[in-house]
Amino acid sequence: MDAKREDLLQLYYYLKLTRRLEDRVTSLYHQGKILGGAWTSNGTEAVSVGFGYALEKNDIAAPYFRDMGVFLIRGITAKRIMAQYFGKKTGVTGGKEGNVHIGDLNFGVIGFPSHLADNYPVGTGAALAFKIRGEKRIAVACTGDGGTSRGDFHEGMNFAAVRKLPIVFICNNNQYAYSTPLQLQMSIKNIAERALAYGMSSKIVDGNNVIEVYMAAKEAYEIARNGGGPTFIECKTMRMHGHSEHDSAKYVPRELLDEWKKKDPILNMEKYLLENNISQKAELESIDSRVKKEIEEAEAFAEQSPYPEPEDGMKGLYATPIAEE
Ligand SMILES: Cc1ncc(C[n+]2csc(CCOP(=O)(O)OP(=O)(O)O)c2C)c(N)n1
């Protein structure tokens, strides 16, 4: 299975869009312009872009807070996301929530529950519904390495494996859960070994290689879609910023960051596209210019948008049923 040139360029575009959007959010956070904190996926963008891009239109994603690529790919625009950070009425939650606990079922994205790994059983529930209804749709859920040490992880994985549900579980193994390094939260070498305990297939991929993540996700989605049950995909990567922008991450050894910096997912992809003659510098630059413009427009939109009215706080608290197609 090979990725088409058009798909490779789209993967590159989304990597850039994710990076530039979150970099801008980081600057705005330090200028005190956005409300709340700023959690970014810096250095790990290939994970969310890879598994997000492999989805089909009717599939469902249960992303976590480092999955900006998924939000963008599914159609939650940079404008709405930027307005979310500004706490504006035009943001994804209409100004109710600070930052990344977002989702929009109109785009097949389940709102992220704050409790880590809870989106595993939530995604599993969606997959159960697809199976009961006989629909050829799949769900994908993602969590960090720390999330896999929680009981909710166990419940979601076990139930999905027992019922052979159409779901794929992604783990963004970025080496740290806040300040806790991997070796202090588990005594196994690869998180993928956890899947074995549930009788579930697993795969380990280079989480800084977007094509590898995309291909592995696509293959696992097809297995799930065709009744083959769930797969767990461990994406090995590195969180290059602090847990959030308030955290200087002094506890991460400098040498570790230097080592991973050389494996940056965007540089990786640029190198691949150029060395294999899939694209040229001018084309990549024009994609980047398009991304820069999109981010500038998103920021202007967010700044100009109104704040919500106090009474808006009482609206949208309960789910509104979505019309059956
Ligand atoms: C059940 C629960 N405990 C604690 C938190 C607070 N918290 C938010 S993110 C985080 C670290 C998560 O680490 P990991 O799962 O490895 O994801 P990463 O942040 O590294 O992407 C913690 C402790 C939470 N959201 N939910």
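Start by selecting Cys 235: this residue is buried, with a relative accessible area of 0% (buried means under 20% relative accessible area, exposed over 50%, and partly exposed in between, with a 1.4 Å probe and protein chains only). Before moving on, note that this is a predicted model, in which local features need pLDDT of at least 70 and side-chain atom pairs count only at pLDDT 80 or more, while totals for chains, interfaces and linings use all residues. Residues are numbered from 1 along each chain as its sequence is written, and side-chain values use heavy atoms, with hydrogens and water left out.

How many disulfides does a search of the whole structure find? It finds zero, taking a disulfide as a pair of cysteine sulfur atoms within 2.5 Å. For Cys 142, the nearest cysteine sulfur is that of Cys 235, 6.9 Å away.

Next, pick Ile 170. Beyond its neighbours within four places in sequence, Ile 170 is in contact (heavy atoms within 4.5 Å) with both of those cysteines, and also with Val 47, Phe 51, Tyr 120, Val 140, Ala 141, Thr 143 and Ile 233.

Widen the view to the largest nonpolar core, which has 68 residues. Such a core is a set of buried Ala, Val, Leu, Ile, Met, Phe, Trp, Tyr and Cys residues joined through side-chain atoms within 4.5 Å. Ile 170 is among the members that touch the most others, along with Phe 51, Ile 81, Met 82, Tyr 221 and Met 269. Helix H1 (residues 5-30) gives this core its largest share, 11 residues. Helices here are DSSP runs (H or I, at least four residues), strands likewise (E, at least two), numbered from the N terminus. Apart from this core lies another, of 26 residues, including Met 157 and Ala 192.

Two helix pairs come next. Select H2 (residues 45-53) and H8 (residues 210-225): they pack at an angle of about 35°, with their axes 7 Å apart. Axes are lines fitted to C-alpha atoms, for helices over the stretch in contact, and angles run from 0 to 180 degrees between N-to-C directions. Show Ala 46, Val 47, Val 49, Gly 50, Phe 51 and Tyr 53 of H2 against Val 210, Val 213, Tyr 214, Ala 217 and Tyr 221 of H8. Asp 7, Leu 8, Leu 11 and Leu 15 of H1 meet Val 210, Ile 211 and Tyr 214 of H8.

Move to H4 (residues 78-85), where six of the eight residues are buried. Those are Ala 78, Ile 81, Met 82, Ala 83, Gln 84 and Tyr 85, and they pack against H1, H3 (68-74) and H11 (281-304). After H4 comes Gly 87, with a positive phi near 70°.

Tyr 178 has a phi of about 50°, in the loop between strands S4 (176-177) and S5 (180-181). Buried or exposed? Ala 117 counts as buried, at 0% relative accessibility, whereas Tyr 178 is partly exposed, at 38%.
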